[in-house]
Amino acid sequence: VPHTNIFQSITPDVLHQLYQGIIKRLIEWIKEACSEAEIDAHCRRLPPNHNIRLFLKGISHLSRVSGTEHNQICRFLLGIVIGIQLPGNLNNARLTRAIRAILDFLYLTQYPCHTDQTLVLLDDALTRFHDNKDIFLDLGIRSNFNLPKLHSFRHYVHMIKMYGTTDNYNTEYTERLHIDLTKDAYRATNHKDEYSQMTLWLERREKMLWHDNFVQWRLVGDLALQERSPPDMDYCRAIKMTKHPTVKRVPLDLIMQDYGATFFTAALARYVVGRNQPGLSAAQLEREAAHIILPFDAVATFHRIKFHAIDARGFRDSSSTVDSVHSQPSWKDKRGHTIPARFDTVLVNEGDGGITGVNGYRVAQVRVVFTLTSKAMDLLFPAGPVKPPTHLAYVEWFTPFQQPESHHGLYKISHLMRHGEHLASIIDVSDIHRSVHLFPNFGAVVPREWTSSTVLELCSSFFVNSFSDRHAYLTIV
C-alpha cells in the first residue's frame, strides 16, 4: 500500500506482549532455574495484603493462566526469588536484577501519562534487562533471545510518543467486553438458536440503559459542563471508617492478650501526655505518663480501615475499596474453624511525608484500631486548641528506611526492638497513608514452620514491596 508504514500499525499490547508474553515466559524460566517446591513454599508464606492475591497452593502447577493472574503474580514475583539458591551456586544477583528490570518496564509502560523523564526510565529498564539476561543462558534455560515480543519492547518509547499512553490501544480493555457482550448474553439463552436470543437480550439491555439515563437526566436536569481534567499521576485516597465499631467493648486485658498490644496502656498514657503537653523531652514524657490513670477498662475496636479513591475533580468513589487495613484477632467461623489473626502493615506519615518517596514515612504493624467514649475523651483531653482525633491505632514500629538494596532496589527493614520487646506507639488513624506489603527475607531455604499468618512475627527482616499496586510503585521509591 503506497504512503503507508505497516509497522506503525502494530501498536504495543500490554496484555499479550507483556503479561501473556514475556511475563509468562519469565515465570517459566524462574521455575526451571529454581526449585519449584521452594518457589511454592515462598508463595505460601507471603503475608496477606489487600492488593496481593495469595496462591496458597503455589504457582508451579497453575495451567491456562490468564492475564489477570499473571498481573497478580507480578506483584510478588520479585520477593520470592530474592536470595533463592540457583543451580551450580551461580550468583542470584543477575537473576534478581533481570526480574526487577522487567517489572520496572511493565509498570512504567502502564503509566497514565508520560514525560521525557519517564520514557528515559522505560528505556533504562529495558537496557538493564538486556545487561543481565545472560543469567538464563548460563543456567541452560535459553540458548538465545530471538523473541518477537521481546524485540517489540524496543519500539514502545517511539509508539508512546506517536500514539500516546498504552491504555489507548491495550487489548485488555476490549477483551473485557467478551464477558458483557458474549458470555453473559449466552448464559441468558436456552442454548438453542442462541444468536438471535443473544442479539435480542443485548438490544433490550441497551434500551433499558438508555431509558435509565433519560430518567436520571430528567430528574437531575442539565448539568453544567465540567472541564475534563487530563490524566495525572496523583492517586488521592480518603480513609473511610464504619459508623459503628466491630466490637463495642473489649476489656484492656483482652486487648493485650488477643490483639497482641502488650504495652497498650503505657502507649496510650504517653500519647495523652504528648497531646496535652507537646514539646516535652522523652524523659519528661515518660515521667508524666507514669502518673496518667485511664478512666476506663475497655475500648471499642474496629477490625478494618478502608480507603476510597478520589478523582482529579475531588469526587470520592465510595463504590469500590482501593485499599484496606485489617487488624483482627483470631476467630471462629460458622463451622467452628479457627480463622488466623491478621494484623496488616501500613505506611505511616510521621509529619513531613510527601506524595512520593519514603522520606517522612515509617512502616508499622497495626495491632488495634479503637475509639474512646466521649466521657473518657473529656477526662483525658481537656478543652484545648486542637480537638483530639476520633479514631486511634496502636502500632508496632519497624526500623526507618535506609538506602535500597543494590540488586533489587527494595528497602530492607526489621522490627524495631528495645530490651527484647517491640517498640510501640499510639497514632492517629489519619496518619496512616496506605497499607504496605512486606516480603519476608526467606534466605536460601525458607523455614517450614513459617505460615502466611505467622510470618510477620517469626521473620526478623523484610523487604518493602513496591509492586503491590501502581500507587505503591509511585510512592515507595
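This is a tour of one predicted model, stop by stop, with what to select at each stop.

Residues are numbered from 1 along each chain as its sequence is written. Because the model is predicted, local features need pLDDT of at least 70 and side-chain atom pairs count only at pLDDT 80 or more, while totals for chains, interfaces and linings use all residues; side-chain values use heavy atoms, with hydrogens and water left out.

**The whole chain**

Show the protein chain as a cartoon. It has 17 helices and 19 strands. Helices (H or I, at least four residues) and strands (E, at least two) are DSSP runs, numbered from the N terminus. Along its principal axes, the C-alpha trace spans about 85 × 70 × 50 Å. Of the 477 residues in the protein chain, 44% are buried. Buried means under 20% relative accessible area, exposed means over 50%, and partly exposed lies in between (1.4 Å probe, protein chains only).

**Stop 1**

Select Ile6, Phe7 and Ile10. Together they form a nonpolar patch on the surface with about 360 Å² of accessible area. Patches are made of residues with over 30% relative accessible area and no salt bridge; like charges are joined within 9 Å, and nonpolar side chains (Val, Leu, Ile, Met, Phe, Trp, Tyr) within 5 Å. The areas come from the Shrake-Rupley method with a 1.4 Å probe, and for residues only the protein chains shown count as cover. Ile6 is in the segment before α1 (14-33). Ile6 counts as exposed, because its relative accessibility is 54%.

**Stop 2: a histidine in a loop**

Select His114, in the loop between α4 (93-109) and α5 (116-132). Its side chain makes a polar contact with the side chain of Thr118 at 2.9 Å. A polar contact is a pair of N or O atoms within 3.5 Å; within protein, one must be able to donate a hydrogen and the other to accept it, and residues adjacent in sequence count only if both atoms are side-chain atoms. A polar atom of the His114 side chain also lies 3.3 Å from the backbone oxygen of Leu108.

**Stop 3: salt bridges**

The model has 20 salt bridges. A salt bridge is a side-chain nitrogen of Lys or Arg within 4 Å of a carboxyl oxygen of Asp or Glu.

Select Arg53 and Glu69, whose side chains meet in a salt bridge (3.6 Å, N to O). Arg53 is in the loop between α2 (36-44) and α3 (67-74) and Glu69 is in helix α3, 16 residues apart. Arg53 is partly exposed, with a relative accessible area of 37%.

Next select Asp104 and Arg128, a salt bridge at 2.9 Å, N to O. Asp104 lies in helix α4 and Arg128 in helix α5, so the pair ties together parts 24 residues apart in sequence. Asp104 is buried at 6% relative accessible area, whereas Arg128 is partly exposed at 27%.

Then select Arg154 and Asp123, which meet in a salt bridge at 3.6 Å, N to O. Arg154 is in the loop between α7 (148-152) and α8 (156-163) and Asp123 is in helix α5, so this pair ties together parts 31 residues apart in sequence. Both are partly exposed: Arg154 at 41% relative accessibility and Asp123 at 36%.

**Stop 4: across to helix α15**

Select Ala376, in helix α15 (residues 374-380). Ala376 counts as buried, at 3% relative accessibility. Go back to Leu108 and draw a distance: Ala376 and Leu108 are 268 residues apart in sequence and 49 Å apart in space, C-alpha to C-alpha.

**Stop 5: strands**

Select strand β16 (residues 424-428). Of its 5 residues, 4 are buried, so β16 is largely enclosed by the rest of the structure. Strand β12 (residues 392-397) runs antiparallel to β16, joined by 5 bridges. Two strands pair if DSSP finds at least two bridges between them. Leu392 has Asp428 in β16 as its bridge partner.

Which order do the strands have in the open sheet of 3 strands? The order is β13-β19-β18, with antiparallel pairing. β13 (412-414) and β18 (437-440) stand at the edges with a single partner strand each, so one side of each has no neighbour in the sheet. To finish, select Lys412, which stands opposite Phe463 in β19; 3 bridges join β13 to β19 (residues 461-465).
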